[in-house]
Amino acid sequence: MLICDLDTSTAISAFYICENKFPDKRTVIACKDQTADLKCETGVIRIIKSNYGRLDQNTCTDTPSDYTFCTAGGFGEDVKSICDNLQECRLPKVKKMALTCDVDSSTAISAFYICENKFPDKCTVIACKDQTANLKCENGVIRIIKSNYGRLDQNTCTDTPSENSFCGTKDFEEDVKRMCNGRKECSIPGTAEDQIFYRFCDESPKYVYVSYVCEA
């Protein structure tokens, strides 16, 4: 929406600087029917930027695209929420999503990330359906590093490898932090409520994943 005469000539302008940040960042790109795997041999993932759509003319297409600024709203936040503070993360395959450009254009998933040497003493707990994730600190109190209800790999809590390894639940991590941070013990059921809003999930079995440290 403009605050000027619609007949007035308009322009897009941007003012920016170049920062020498993230010299060790890693890049993964996945075209249609491909997977994008993020991995840190040491440390944990920190997402710098991710996108579903197009960021240039030539990626994932034989014919240069007219679209170089095309995104799916909310995708970057979802990737950061699910992948941050994991050692490995597989992004979802390219699918039709709400885009800011022509849906017929070839699209790609891209992610830029670094590996941070954080939380060497973290504990990890997993609870499948009808199980309970029990967190406990002998010394100090719980500080939640990462929690998710959904899927983060193909094999956990299932006898048949799942095609879906990128599945999360809105607000679950914040709920776990509110419930467990600052306590010496905390229990989280492995089955969440039916009304929870899932992101990128299918009918594959879901589970609770929690990593935490004990702070003095």
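Contact means heavy atoms within 4.5 Å. By that rule, and leaving aside neighbours within four places in sequence, Leu 38 is in contact with Val 28, Ile 45, Ile 47, Gln 87, Glu 88, Cys 89, Leu 91, Ala 111 and Tyr 113. This is a predicted model: local features need pLDDT of at least 70, side-chain atom pairs count only at pLDDT 80 or more, and totals for chains, interfaces and linings use all residues. Residues are numbered from 1 along each chain as its sequence is written, and side-chain values use heavy atoms, with hydrogens and water left out.

**Nonpolar cores**
- A nonpolar core is a set of buried Ala, Val, Leu, Ile, Met, Phe, Trp, Tyr and Cys residues joined through side-chain atoms within 4.5 Å.
- Buried means under 20% relative accessible area, exposed over 50%, and partly exposed in between (1.4 Å probe, protein chains only).
- The largest nonpolar core has 23 residues. Leu 38, Cys 89 and Leu 91 have the most contacts inside it.
- At least two residues of this core come from each of β1 (26-30), β2 (36-39), β3 (44-54), α1, β5 (88-91), β6 (108-116) and β13.
- Helix α1 gives the most, with 4 residues.
- Domain 1 (24-116) and domain 2 (123-215) each supply at least three residues of this core. These bounds come from an automatic or database domain assignment.
- Another core lies apart from it, with 16 residues, among them Val 125, Ala 133, Cys 137 and Val 208.

**Helix α1**
- Helices (H or I, at least four residues) and strands (E, at least two) are DSSP runs, numbered from the N terminus.
- Helix α1 covers residues 75-83, and its buried residues are Phe 75, Asp 78, Val 79, Ile 82 and Cys 83.
- Seen down the axis of α1, these buried residues fall within an arc of 105°, so they line one face of the helix. The arc is that of the directions from the helix axis to the C-beta atoms.
- Just after α1, Asn 85 takes a positive phi of about 70°.

**Two buried serines**
- Ser 211 is found in strand β13 (residues 207-215). Its relative accessible area is 0%, so Ser 211 is buried.
- Ser 165 sits in the loop between β9 (141-150) and β10 (168-169). Ser 165 also counts as buried, at 5% relative accessibility.

**Lys 25**
- Lys 25 is in the segment before β1. Lys 25 is partly exposed, with a relative accessible area of 44%.
- Lys 25 and Cys 115 are 90 residues apart in sequence, but 7.8 Å apart in space, C-alpha to C-alpha.
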